[in-house]
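Here is a short tour of a protein chain for anyone who likes to look at strands and rings. Have the viewer open and follow along.

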Amino acid sequence: MILPFSNVDAAIVVLAPTDVKSGSVSITEEITIAINASGTLRTFVLNDWVISDSFKTDSVVSPLFSISLNGGAKQFYSSSFYDNIASTFNGNTPGDGYFFIHNGPNVALGDVVTIYAATYTLGRTENFNPLATQTFTGSVFLAGGSGERFSNNVSIPEPSALGLISLAVICALNRRSRTPKMGLSDSLKPIGC
């Protein structure tokens, strides 16, 4: 069943890879972000999502990272996912994790980028930040390869809000489909039967 969520209901769920097993990053709904600067898009940043372990560790992402510009066709890019950065540079701080988009598209002021819902596999790797395994609740932004910001922060909601909305919709749909239709013989039965 597909639930009717807007992009503000997206969640990002991360399972960190290890040296013996792969991990994953799941983006549950589309995320739409307005661009406020021009340049080559290189990073989709999870702002302040972990306490840095002082080592920037990456893992190759599969399948290709999918985005679109201004409502156009879906575009696919090879990418890597980083657990955090080692030091502050431009708009990035040590607690930021991010997708690095290889050969990303050029963007300009006023463009709109859509990050598509998908589950990405992270290849096995050593020393990935163990705090990475979590449902991310915070904000995301887009940036260039040197950390220069191309957008404002976009909030990703608390998972409890997403869960409560999902539960309410499922219960309402379930209740509607299970409500019995009363016939004439049903109206003659004693209450409670």
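## Strand pairing

In this predicted model, strand S7 (residues 65-69) and strand S12 (residues 112-115) run antiparallel and are joined by 3 bridges. To find one of the contacts in your viewer, look for Ile67, whose bridge partner in S12 is Ile115. S12 also pairs with S3, again in the antiparallel sense, over 4 bridges. There, Ala34 stands opposite Val112 of S12.

Put together, these pairings belong to an open sheet of 4 strands, ordered S3-S12-S7-S8, with antiparallel pairing. Strand S3 (31-34) and strand S8 (75-77) are the edge strands, each pairing on one side only. From one strand to the next, the twist averages 30°.

## The chain as a whole

Stepping back, the secondary structure of the chain comes to 2 helices and 16 strands. Of its 193 residues, 39% are buried. The accessible surface is about 10,300 Å², and carbon and sulfur atoms account for 57% of that surface.

If you care about contact order, here is a handy figure: among contacts between residues at least 6 apart in sequence, 74% join residues at least 24 apart.

## Aromatic pairs

Now for the rings. A search of the whole structure turns up 10 aromatic pairs. One of them is the tilted pair of Phe44 and Phe65, at 6.1 Å centre to centre with 35° between the planes. Phe44 sits in strand S5 (residues 43-47) and Phe65 in strand S7, so this pair links parts of the chain 21 residues apart. Both Phe44 and Phe65 are buried.

Trp49 and Phe81 make another pair: their ring centres are 5.8 Å apart and their planes meet at 75°, so the pair is edge-to-face. Trp49 is in the loop between S5 and strand S6 (58-62), while Phe81 is in strand S9 (residues 79-82), so the pair ties together parts 32 residues apart in sequence. Trp49 and Phe81 are buried as well. These four residues are part of a cluster linked by ring pairs, which also takes in Phe99, Tyr120, Phe128 and Phe136.

## Charges over rings

Which residues place a charge over a ring? Lys74 lies over the face of Tyr116, 4.5 Å from the ring centre. Arg149 has its charged end over the ring of Phe141, at 3.6 Å from the centre of that ring.

Conventions. Residues are numbered from 1 along each chain as its sequence is written. This is a predicted model: local features need pLDDT of at least 70, side-chain atom pairs count only at pLDDT 80 or more; totals for chains, interfaces and linings use all residues. Side-chain values use heavy atoms; hydrogens and water are left out. Two strands pair if DSSP finds at least two bridges between them. Axes are lines fitted to C-alpha atoms, for helices over the stretch in contact, and angles run from 0 to 180 degrees between N-to-C directions. Buried means under 20% relative accessible area, exposed over 50%, partly exposed in between (1.4 Å probe, protein chains only). Contact means heavy atoms within 4.5 Å. Accessible areas come from the Shrake-Rupley method with a 1.4 Å probe; for residues, only the protein chains shown count as cover. Rings of Phe, Tyr and Trp (its six-membered ring) pair if their centres lie within 6.5 Å; planes under 30 degrees apart count as stacked, over 60 as edge-to-face and the rest as tilted. A charge sits over a ring if NZ of Lys or CZ of Arg is within 6 Å of the ring centre and within 35 degrees of the ring normal.
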